[in-house]
Amino acid sequence: MATLDSLKQALRQKAKATASSPKQPLSDTQYSAGFDILVQGSGWTTYQDFIIPQLSQLLTPLFNSRIHISALEIGPGPKSLLGYLPARLRRKIRKYTAFEPNGLFATRLEEWLCSTSKTESPLLCLENPPDIHRIPFVLQDNRGSGTSTGTSVDDIKYDIILFCHSMYGMKPKRTFIERALKMLVEQPQGGMVAVFHRDGVLHLDGLVCHRTASFPTGVVSVANDDEVLDCFASFVAGFIMQDVDVDKAIRVGWRKVCRALGRCEEAHPDHLLFSSPNVMATFTQHATTLPELTAQVPLMKEDRTIKNREARLHRPASIIRPTEVRHVQQCVRWALKHGVGLTVVGGGHSGHCLWSNVVSVDMGAFDQVHILTAGEDGEDSGSDSGSLVVAEAGCKTGDIIRKTMAAGVTVPLGARPSVGAGLWLQGGIGHQARLHGLACDAIVGAVMVSVDSSQIFCVGCVPSQHWPAGAVRPENESDLLWAMKGAGTNFGIVVSVTFKSYAAPTYLIRNWVVPLRDDFEARLRLSDFDKLVARKLHWNCSADAYLYWDAGQLHLSVTMFESSTAGLTFATPTPTPIGAMWGLEDDFKVVDGVSLFETEMYVSGMHGGHGGGKTSSFKRCLFLKHIGEANVADRLVAAVETRPSPLCYLHLLQGGGAVGDVAADATAFGCRDWDFACVITGVWLRDQDRTEAAQSAVRWVYNVVGDLLSLSSGAYGADLGPDPRDAPLAAKAFGASQPRLASLKHSLDPRNVLAYACPLPKAPMEQKLIILVTGESCAGKDYCADVWVSEFIRCTHKGLTARAVSISDAIKREYAAATGADLGRLLWDRAYKEQHRPALTTFFQVQARQRPRLPEEHFLNVVYGAVDVDVLLITGMRDEAPVAAFSHLVLGSRLLEVNVQASEQTRRIRRGCHSGDGDGDDNKDSNNSRSNLTALDCRPTLIFDNDTTGNEAAKRFAEHYLLPFVHEDLQRLANMVHLVADFPRPGIEFRHVLGISQQPGGLALCTSLLQTHFAGDWAKVDAVACCEVGGFVYASALASRVDLPLVLIREAGKLPPPTVSVTKPLSHISSLASNGSKEKRIEMERDVVPRGTSVVVVDDVLSMGETLCAVLQLLDEASIGAEDVSIMVVAEFPVHRGRELLRQRGFGRANIQSLLVFGGA
């Protein structure tokens, strides 16, 4: 699929070769018609999915910091981009100016902005009519502006200036941006210039971006019709021919060019598709400060070899080459001072080590390797060989192996000699991984420069002679060392890494190459290789497989690596399972660690050898299990068959062994449970860089990733960057480590200096409120969610942000991608969705079976996609007991479930209605249909009866039950819970919840909140129950306040008979402090509460849930069922999954409420 830029070049070349007739600029009408084609249909998707969301996200903090906003748009077209912002942002715009030289566009823009109906005007709060200049934005003073007021724009200062639809015709672009920068307000600072550019590349000769983002998947769809193509081609080319006859001839040629370069797809055979990548770049008044940095720090003088093809496409603002640690510190201080980001170049293999208009820090001068023998530093290295290896951040893997081999030791690094520190810090999968683990597992320490303070940190085990002057240990050292072992490019600029080492082995390499007759044999061979070979190998052996086409035939090749430290020569190779199946190997050799790099099959054994530097490649990596199973093997074979280039291949690196022997929480590396790392590698000839061949190979890689992702157990983060196509992989790259990494990123890189590293989820705001809106189809869940969003925004005075999102949209997107269904209609067209409901339900069920973590995956994607809001409402949930199922995934956030109910008659009426009272979800047959809640083993937090028309009932419900969860009194209460370190034993951070009662006003505040937050009716409650000791404090005060009897539950033997009793395990904290018994008996007086009594159980903490389970069991012994019990706790710790334990023990029907929610243990 050709880009619009390559189409433009081809059209102009065609015109030049066909005729020498003078060209004529497009009239306003011709330009307008072409522009309309560009932005219709899929072209509008770029605006909807990229430009408008990016603009909203960019401008929200700016608009929030100002009372009024003045805006200038350059080339807005017929409608202002600002008119698509959320209403609360649009209301702040009081002054609007535009330069729009197209007269038709200017008229349409003015009509749109000056609508007589206030409900139609997008900018309702303008103090004066919009000032629209019908002339181009030029470098000199713009005076005399057609039909505008005539005021010089240079006399006005703006908060935001937008270059809306690319900067075509503006040369040099840097100068135009510099002029715009001078037009920003000086006080308060923070004004911005934002550029949206359609080419995908924006070179600005040393200007430094404040922030940048890309949208490489933009597509323009054009009807394959002569008249439409004539209009579109002239728009893209930018001219027509003056001579009418010549112009007709050119149009015929241009149609052929469009049809030759456009791509047709089966789903839309009557349209041509063109790639339209977009970039956004924003600039502040700090954009011109690069000379300040280059005066202090050396620049890169010679050409730097960048291995990665993606990175070579970018043109950084500058490449800095520090030679001392203080130079790195100066780079960080400069970035912090001016609010810009940095990228880091190590080995040059990362696709994001260079980024356009961003300063890159090349660590190549830090290229020393130091080997310290046992006892040289006086510390226990934890190394099997007793030696430590200190490798500076500019070293290559080959350099380290070469030097360590000479000393008789080695480090388990990657399989490519030219890769650098970025790989070691984010994993590092090599041929010793099965024996010694990943490269990141061998890291015992590091020196890094903080991107928050510019301090030098020594983390973990760093030999004293390698401590830079002024270095300190960070406060959160253990957390930082954990994070660096798997995600280490995100938290600071690493200067050196300390590895533990192992005895250097010798390797026996054996190769088999098997031509395959057909797909069936390919699947059979893969199955045999997986089940009969790979699963039987000892940890000192690994077997890599390659699936590729060569000489017109599919091949499976296998390389077996066997290591030994016994000095063996392997003169007679031992028999192997693969030899028994496929015969003698094609060749074998004995090599050391240095020569090992040259034995890779892709270097010398495939396609005549990829190692000669004549090809470029693009790769992404997924972790797979059971590659011999039919569903996996079929997709692997199908992937190779769809390759766009003969050179593309799949590389399967064996895992298991020591990789999976590391505890999941010992490092930040996100996936340990895999048999093979599947590297999907798109390859093309280097002279085809920037052509359709390269783009096709990249698309193929992402298509294969999309096909395999649902079967994978994780993704490899080392390849990933800020490209939005990497977002689904990044979501699977860190597994359960994601919340902890997000929190560390927020604390260690709060200003996002390393914005272009492997993307981590943003840390949710403290005490984010997440409301899960459940109920039957057409009960009105989406409608209620929208009403409640409005209430959170309208009825609070804290500037809270709120958003409603449907979780079912994710599965609809996957279904549409798999079946070709129309996604837009699935999302918004009820009748169309009903047609697809059976197939959609089946698709979801199949996906859920294949991907056991699918619900968690979708839930986290929704949460991480809304980190900028305080209150998130999620509809479309298919999960029973969703609070119990998901609360441990978002530590520190409060989850509520609100079940929306309506009668069958009401739902039937709404099902036939397409008005706003309808419901856009598709849960008719899902698990959250709850017409009979008492029949289920779970109970929602709140229930809303939505049988009435209009929104008044929903508003009242929000006021009485939802808004209290964002009341400042809850934060006051949370502030009274002090954190006590190393109690009741070292390493434990204790939240002193009972300490609330020891502070002035604490007990009264807590009791008041327990009373007002109760979701039931106190008039229908018969008693308050509690278990010592924590419960006594708060329950007795609450019982007095609501005038109810108090039911005491105590240790056995402390209440007079007759009693009923049960065995209770110790609480979480008590078990940590205890050295003796792990359980005790608790009891209550037998007749203190009558059968069927309604009881509220009060406790200080819900952690593991064992205490509350025992209390509910005790009440059950007294004939009080869980459906008659409500639980109120002061603080909840979801990480221990207490709610889930209660549900599993049969107490899910008890309603559970907590005032506070804390992350951590």
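This is a predicted model: local features need pLDDT of at least 70, side-chain atom pairs count only at pLDDT 80 or more; totals for chains, interfaces and linings use all residues.
Helices, counted as DSSP runs of H or I with at least four residues, and strands, which are runs of E with at least two, are numbered from the N terminus. Residues are numbered from 1 along each chain as its sequence is written, and side-chain values use heavy atoms, with hydrogens and water left out.

Let me stay with Met581 for a moment. Met581 counts as partly exposed because its relative accessibility is 27%, where buried means under 20% relative accessible area, exposed means over 50%, and partly exposed lies in between, with a 1.4 Å probe and protein chains only. To give a sense of distance, Met581 and Ala1004 are 423 residues apart in sequence, and from C-alpha to C-alpha they are 77 Å apart in space.

Now to the strands, where two strands are said to pair if DSSP finds at least two bridges between them. Strand β27, residues 615-624, pairs with β30 in the antiparallel sense over 2 bridges, and Phe623 has Gly714 in β30 as its bridge partner.

Elsewhere, strand β43 (residues 1125-1132) and β44 pair in the parallel sense over 6 bridges, with Ile1127 partnered by Ile1152 in β44. Strand β44, residues 1151-1157, is largely enclosed by the rest of the structure, because 7 of its 7 residues are buried.

A further pair is β19, residues 443-450, and β20, which run antiparallel and are joined by 5 bridges. Gly445 has Gly460 in β20 as its bridge partner, and strand β20, residues 456-460, is mostly covered, with 5 of its 5 residues buried. This hairpin has 5 residues between the strands, and Ser454 takes a positive phi near 70 degrees there, although Ser454 is not a glycine. Ser454 counts as buried, because its relative accessibility is 6%.

That brings me to backbone geometry, where most residues other than glycine have a negative phi, and most peptide bonds are trans. Asp205 has a positive phi of about 50 degrees although it is not a glycine, and it is found in the loop between β6 (192-197) and β7 (211-215). Is Asp205 buried or exposed? Asp205 counts as exposed, because its relative accessibility is 54%. The peptide bond from Glu1028 to Val1029 is cis, with omega near 0 degrees, and Val1029 is found in the loop between β38 (1023-1027) and α33 (1030-1042). The bond from Pro1057 to Pro1058 is cis too, again with omega near 0 degrees, and Pro1058 has its place in the loop between β39 (1046-1051) and β40 (1059-1065).

Finally, the charges. How many salt bridges does a search of the whole structure find? The search finds 44 salt bridges, each being a side-chain nitrogen of Lys or Arg within 4 Å of a carboxyl oxygen of Asp or Glu. In one of them, the side chains of Asp159 and Arg66 meet at 2.7 Å, N to O. Asp159 lies in the loop between β4 (131-133) and β5 (160-163), and Arg66 in the loop between α3 (42-64) and β2 (69-74), so the pair ties together parts that are 93 residues apart in sequence. Both Asp159 and Arg66 are buried.

Another salt bridge is formed by Arg907 with Glu776, the closest N and O atoms being 2.6 Å apart. This pair links distant parts of the chain, since Arg907 is in helix α29 (residues 904-911) and Glu776 in the loop between β31 (769-775) and α23 (781-795), 131 residues apart. Arg907 counts as buried at 8% relative accessibility, and Glu776 is buried with a relative accessible area of 15%. Salt bridges that share partners also join Asp226, Asp230, Arg255 and Arg259 into one network.
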